[in-house]
Amino acid sequence: MKLLLVEDDKELNRTLTYQLEKEGFAVDSCLDGEEACYYMEEGLYDLILLDRMLPKLDGIGVLTEMRKKGDMTPVIMLTALGALTDKITGLDCGADDYLVKPFDFEELAARIRSIGRRPRRMEATEKLTFADISYEPVEARLTGPEDTCSLSRREGALMETFLRNIGQSLSRPILLYRVWGPDTDVEEGNLDNYIYFLRRRLKAVGSRVQLKTVRGIGYRMEDC
């Protein structure tokens, strides 16, 4: 799992990062709410560990902005504010779990594993649009200026991943993880095949949108 740790206590940040990496998690860490928003725009995470009391933008503000944008990445809120009303506020704003400081690392690790075992929560099912295309996830229907077509399950998952991360260069490992799952042994050539299929779909509906190859990284969706 790839985690984002948002904790302004530098010592605790370093300690948790070390312990999480020792447990086998990939960890990005930052120290304030504004930086957290930047990290979330630049990368895809399986889980976010979010301190509530942060400089620049507090944890509730970060969480509210995430959910407004349709980012449904699971969040465990870490905080010294342990009153019932504080917990209710955090959960009502979209947190998936709430852990009061001080806590045992073993409990945090167990809660992370628990969330990791859950089926990935369905993200918003509204129509996704970009440039001259729209995609409806429930019907797996892609519409362009000239035509409409249905996508296969893999094609649809790949299209949705690109449409939810416009402007980002998505690495091959990230795309394989998102479309085939965390334990996949699918070869990268399979991903290339599905990119080819999607390019044909885009051309078939008359779209100017292209999936550009980013050398040494992966692919990016662009309005051309």
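In which sense do strand β4 and β5 pair, and over how many bridges? Strand β4, residues 75-79, runs parallel to β5, and four bridges join the two. Keep in mind as you explore that this is a predicted model.

Let's look at one of the residue pairs here: Met77 has Tyr98 in β5 as its bridge partner. Now step back to the sheet around them. Five strands make up an open sheet with parallel pairing, and their order is β2-β1-β3-β4-β5. β2 (26-30) and β5 (97-100) are the edge strands; each has a single partner strand, so one side of each has no neighbour in the sheet. On average, neighbouring strands of this sheet are turned by 20° against each other, direction ignored.

Next come the helices that lie across these strands. Helix α4, residues 84-92, lies across β4 and β5 and runs at about 145° to β5. Helix α5, residues 105-117, lies across β1 (2-6), β3 (47-51), β4 and β5, at about 175° to β5.

To see the pairing up close, find β6 and strand β7 (residues 133-136), which are joined in the antiparallel sense over three bridges. Thr129 has Ser134 in β7 as its bridge partner.

How values were computed. Residues are numbered from 1 along each chain as its sequence is written. This is a predicted model: local features need pLDDT of at least 70, side-chain atom pairs count only at pLDDT 80 or more; totals for chains, interfaces and linings use all residues. Side-chain values use heavy atoms; hydrogens and water are left out. Two strands pair if DSSP finds at least two bridges between them. Axes are lines fitted to C-alpha atoms, for helices over the stretch in contact, and angles run from 0 to 180 degrees between N-to-C directions. Contact means heavy atoms within 4.5 Å.
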